[in-house]
Structures are given as structure tokens and as C-alpha cells.
Amino acid sequence: MIKTICNIISGIILVFLVAFAALLFAPKIAGYESMVVISGSMEPKIPIGALVLVDSQGAKDVKIGDSISYKLSADTVVTHRVVEINESTQEIITKGDANNTNDGKPVRFENVMGKVVFTIPYLGYFIIKIRTPIGVAVACALVFVLILTSIIPSLLQKDKKKLSCDENVTSP
């Protein structure tokens, strides 16, 4: 019975850890950049907390109407919709879906990271939390519990064997 419970618990934890690893690493392996939306400028199409996958091809193949992610500064990335492309100046005019006006400054082609190919609403909240020290501690604790659930049944099995051997020994 304990072996069955441990197997169920370890199976659930293993599925969780594999799904977590897939969320973190699969986009990179597939050639996508993953980002979390932290403002409402693209709502309702891309809500706050959405995980956004961006095809990291830069400005190549970007068309009017595409949502793109671009570097506003060294540590700030923005995801907005393309409203105009100026090939001669190598600039793109963007606008947040929830904004009334176009963005004030055009985006240079070299600042474009790529176009948004997929969004998963609200999953970004989870990604943000798991990257915190508490999130890492929880992941480590889950790995520890996974190891324990693998070891406990064999330890209990050894105790049973020892008990049955001790019972067979008779004293003179």
C-alpha cells in the first residue's frame, strides 16, 4: 500500500517537474524567446501575466498587424503591434492595442527581437514566481520528495525482510 502511494506521489511530482522544465527550456530549444507581459498595453488580446513566445528572427518577415517584441533599452522589452513599416529609414511604428495613440518613438529594425507567435494567458505569473528564491526552494523540495518517495518503499521492504528473518530465529 505504501509503495503504491509513493508511486502515485512521485508520478505526480515527476509530471510537474517535467512540465516545468519544458516550459522553461522548450521555447529556447525551438528557437523562441519567452517573455512575460507585465503591463496592460496589449489587452485584451495579450493580457497581463501572459507568457509570450517570440520568433527570434528580428525584423525579418514582420508585417503590419503583427505583434512584435523589441528592445526599448538594454533591460526593457516591449511587445506592441506594428502599424507602419518604413523600409527607407529602417523603422517600425508600433502601438499597444489598449493605447489610443501610436508609440512616440519609432523602433529601429535592429532593436526588433521578433514577432509574437504564441501566447499563453496567465502562465507568466507562474514563471515569474518559480524564478524567485522561494520558487527555486519549492522546486528543490519537490525533487527531494521525489527522491524520498523512491527510497521509502525499498527501506520498508528491507525492514519487513529483517523482521521476518528475526521471527524465524529461535533461542535455545
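Which residues does R81 touch, not counting residues up to four places away in sequence? In this predicted model, R81 touches M42, K45, G65, D66, S67, I93, T94, K95 and D97, with residues up to four places away in sequence left out of the list.

**Surroundings of R81**
- R81 has its place in strand β4, which covers residues 76–86.
- One of the residues that R81 touches is S67, and the side chains of R81 and S67 make a polar contact at 3.2 Å.

**Nonpolar surface patch**
- A nonpolar patch on the surface is formed by M1, I2, I5, I9, F144, V145, L148 and I152, which together have about 720 Å² of accessible area.
- The elements that contribute two or more residues to this patch are α1 (2–29) and α3 (133–168), and α3 gives the most, with 4 residues.
- I152, which is placed in helix α3, is partly exposed, because its relative accessible area of 32% falls between the limits of 20% and 50%.

**Backbone features in loops**
- The peptide bond that runs from E43 to P44 is cis, with omega near 5°, and P44 lies in the loop between β1 (32–36) and β2 (51–55).
- Q90, although not a glycine, has a positive phi of about 60°; Q90 lies in the loop between β4 and β5 (91–95) and counts as partly exposed at 32% relative accessibility.
- Y122 is likewise not a glycine and has a positive phi of about 70°; the loop that holds Y122 lies between β7 (112–120) and α2 (123–130).
- Y122 counts as exposed, because its relative accessibility is 52% and the limit for exposed is over 50%.

Methods:
Residues are numbered from 1 along each chain as its sequence is written. This is a predicted model: local features need pLDDT of at least 70, side-chain atom pairs count only at pLDDT 80 or more; totals for chains, interfaces and linings use all residues. Side-chain values use heavy atoms; hydrogens and water are left out. A polar contact is a pair of N or O atoms within 3.5 Å; within protein, one must be able to donate a hydrogen and the other to accept it, and residues adjacent in sequence count only if both atoms are side-chain atoms. Contact means heavy atoms within 4.5 Å. Patches are made of residues with over 30% relative accessible area and no salt bridge: like charges are joined within 9 Å, nonpolar side chains (Val, Leu, Ile, Met, Phe, Trp, Tyr) within 5 Å. Accessible areas come from the Shrake-Rupley method with a 1.4 Å probe; for residues, only the protein chains shown count as cover. A salt bridge is a side-chain nitrogen of Lys or Arg within 4 Å of a carboxyl oxygen of Asp or Glu. Buried means under 20% relative accessible area, exposed over 50%, partly exposed in between (1.4 Å probe, protein chains only).
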